[in-house]
Amino acid sequence: MTNVTIQPTGISTDDVLAVARGTATVVLDPATREAMATSRAIVDGIEAAGRPVYGVSTGFGALANTFVAPERRAELQHALIRSHAAGVGAPMPREVVRAMMLLRVRSLALGRSGVRPLVAEALVDLLNHDITPWVPEHGSLGASGDLAPLAHCALVLLGEGWVLGPAGERRDAADVLAAAGLKPIELAAKEGLALINGTDGMLGMLLLAIHDAAHLFAMADVTAALAIEAMLGSERPFLPELHAIRPHPGQAASAANIHRLLQDSRVMDSHRDDLAHAVQDAYSMRCAPQVAGAARDTLDFVRTVAGRELVSVVDNPVVLPDGRVESTGNFHGAPLGFAADFLAIAAAEVGAIAERRVDRLLDVTRSRELPAFLSPDAGVNSGLMIAQYTAAGIVAENRRLAAPASVDSLPTSGMQEDHVSMGWAAAKKLRTVLDNLTSLLAVELLAGVRGLQLRAPLVPSPAGRAAVAALGGAAGEPGPDVFLAPVMEAARAVVAGPELRAAIEREIGPLG
């Protein structure tokens with residue numbers, strides 16, 4: 001995607017990804033400018049009439065009843081941005097900030113915020129010149145939206161604040177704007193408030209997380225199948241008729257994936273009719289679709305919530321077409337906070353069950369004749385023993401991160417904002433859980449590949465052969481211990497990237 005056009009009807013998830021992670025240019029449709037100009041004319045009329053309206057002629061939050069004289073209203077908007085840019089901590093990743101800015105443009109473009117088109121154009125200029133504001137990780141409660149993070153973005157429009165440099169360093173916004181040939185803007189009444197009263201940060205993180213989770217949940221089926229194959233597990237629990245009688249759609253999709261991944265395998269053929277084979281596999285093997293499938297269904301719910309937010313007007317107050325300016329609570333991040341917490345729980349469990357399969361693969365008493373810790377010379381060598389330690393530590397961290405942020409409200413602003421969503425925190429920790437899940441699946445990938453290598457000369461499934469080929473260069477053949485951290489990093493890259501899935505799908509068709 002080379003261009004993303006912002007229309008007064010909104011944008012798509014693919015648009016957000018193309019700008020946040022890609023190099024797409026952002027364009028404002030003429031109809032967008034017209035919708036914003038129409039909305040702005042209503043605000044100008046209110047100012048001329050001298051009516052008291054929150055954020056236009058009054059202070060903010062607990063100062064909502066403080067009247068602001070007309071000659072000081074522009075000053076009010078600038079002061080708002082400066083005071084609210086109060087975050088601390090490490091900078092948020094470039095992709096999060098770019099998603100947040102694009103989503104704020106999207107909200108302004110819906111024509112309910114009462115700002116001039118030049119405000120949206122200024123944000124578009126930052127995106128198209130690859131200027132990323134330095135947005136500290138701490139500051140948002142998801143209350144009146146992501147106030148502090150968005151204020152750090154808005155401050156750059158004024159020629160103030162900080163910008164993220166190419167090497168991650170902090171640079172003065174004024175210098176970066178000047179080098180790009182951009183000029184700071186002056187805010188008019190209502191515009192500062194419209195720039196920061198949104199759920200754009202938490203929504204941006206949630207959209208990125210949805211994309212990542214969809215890929216990781218498919219890869220979880222792949223690594224589960226590899227582990228099951230290496231442990232001489234049964235494919236029978238994944239037969240479609242067994243999942244049709246419990247019609248959860250995610251479960252059926254996951255089971256179908258695993259069943260197909262286990263076909264055309266000499267490893268599976270070697271024990272399919274063995275009467276001594278276990279009657280039932282352990283839960284971590286047999287119930288893989290029930291856990292991963294429930295996570296898929298959770299992801300579908302979260303995708304629905306995010307889709308609704310993508311077409312929502314999130315601001316306060318909002319300018320209605322009939323000329324009314326009404327206060328709302330639409331900036332409250334509860335829908336997104338709940339969704340992010342729910343998805344974090346699901347992703348944590350996908351990782352937890354993967355670690356249990358790794359533990360079985362490494363345990364000589366349960367791995368069905370594989371050597372201890374998948375080392376051909378266990379004792380002198382430790383094989384993947386400590387890789388499982390690492391996985392166990394990550395599972396423990398994910399369990400802590402799965403505790404919901406959205407139940408942890410703290411009152412602010414003199415008790416005016418007496419219930420907050422913590423949606424920013426929920427979305428931020430969700431991204432950490434997903435990053436951790438990548439590592440957990442990488443350990444399972446490595447263990448599965450090692451197990452299949454140790455089953456030679458039996459030829460594994462097409463998925464198994466693709467996995468061995470993808471990781472073999474880094475992992476090598478089973479043998480004496482090696483420096484394992486680079487191998488695990490290579491496994492992470494294989495899990496996170498598209499190549500292994502593409503190679504498998506070329507052999508067996510698309511995964512569900």
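**Entry 1: cavities**

I looked up the second largest cavity and found a volume of about 30 Å³. I worked on a predicted model, in which local features need pLDDT of at least 70, side-chain atom pairs count only at pLDDT 80 or more, and totals for chains, interfaces and linings use all residues. Residues are numbered from 1 along each chain as its sequence is written, and side-chain values use heavy atoms, with hydrogens and water left out.

A cavity here is a set of points, on a 1 Å grid over the protein atoms alone, where a 1.4 Å probe fits but cannot get out; lining residues have an atom within 4 Å of a point. I noted the lining of the second largest cavity as M101, R104, L123, L150, C153, A154 and L195. Two or more of these residues come from each of α4 (94-109) and α6 (147-157), and α6 gives the most, with 3 residues.

The search of the whole structure returned 2 cavities of 30 Å³ or more. For the largest cavity I recorded about 40 Å³ of space. Its lining consists of A220, D221, A224, A288, A292, V350, I353 and R357, with α9, α14 (288-310) and α15 each giving two or more residues.

**Entry 2: second largest pocket**

I then turned to the second largest pocket, which holds about 300 Å³ of space. A pocket is an open set of points with protein on both sides within 12 Å along at least five of seven lines. Of its 16 lining residues, D212, R431, L434, D435 and T438 lie nearest the centre. α17 gives the most to this lining, with 6 residues. I counted the lining as 6 nonpolar, 3 polar and 7 charged.

**Entry 3: α17 against α18**

I next examined helix α17 (residues 423-454) and helix α18 (residues 462-475), which pack at about 105° with axes 9 Å apart. α17 is therefore roughly perpendicular to α18, a term that covers angles of 65 to 115 degrees. Contact means heavy atoms within 4.5 Å. On the α17 side I listed L445, L446, V449, R450, L452 and Q453, and on the α18 side G464, A467, V468, L471 and A475. These residues divide into 8 nonpolar, 2 polar and 1 charged.

**Entry 4: T328**

Finally, I located T328 in the loop between β8 (325-326) and α15 (334-362). A polar atom of the T328 side chain lies 3.0 Å from the backbone oxygen of D315. The T328 side chain also reaches the backbone nitrogen of N330 at 3.1 Å. Not counting residues up to four places away in sequence, T328 touches D315, N316 and V318.

Technical notes
Axes fitted to C-alpha atoms, helices over the stretch in contact; angles between N-to-C directions. Helix = DSSP H or I, 4+ residues; strand = E, 2+ residues; numbered from the N terminus. Parallel < 35°, antiparallel > 145°, perpendicular 65-115°, else oblique. Nonpolar A, V, L, I, M, F, W, Y, C, P; charged D, E, K, R; others polar. Polar contact = N/O pair within 3.5 Å; in protein donor to acceptor, adjacent residues only side chain to side chain. Points joined across faces, edges and corners; volume = space filled by probe spheres on them.
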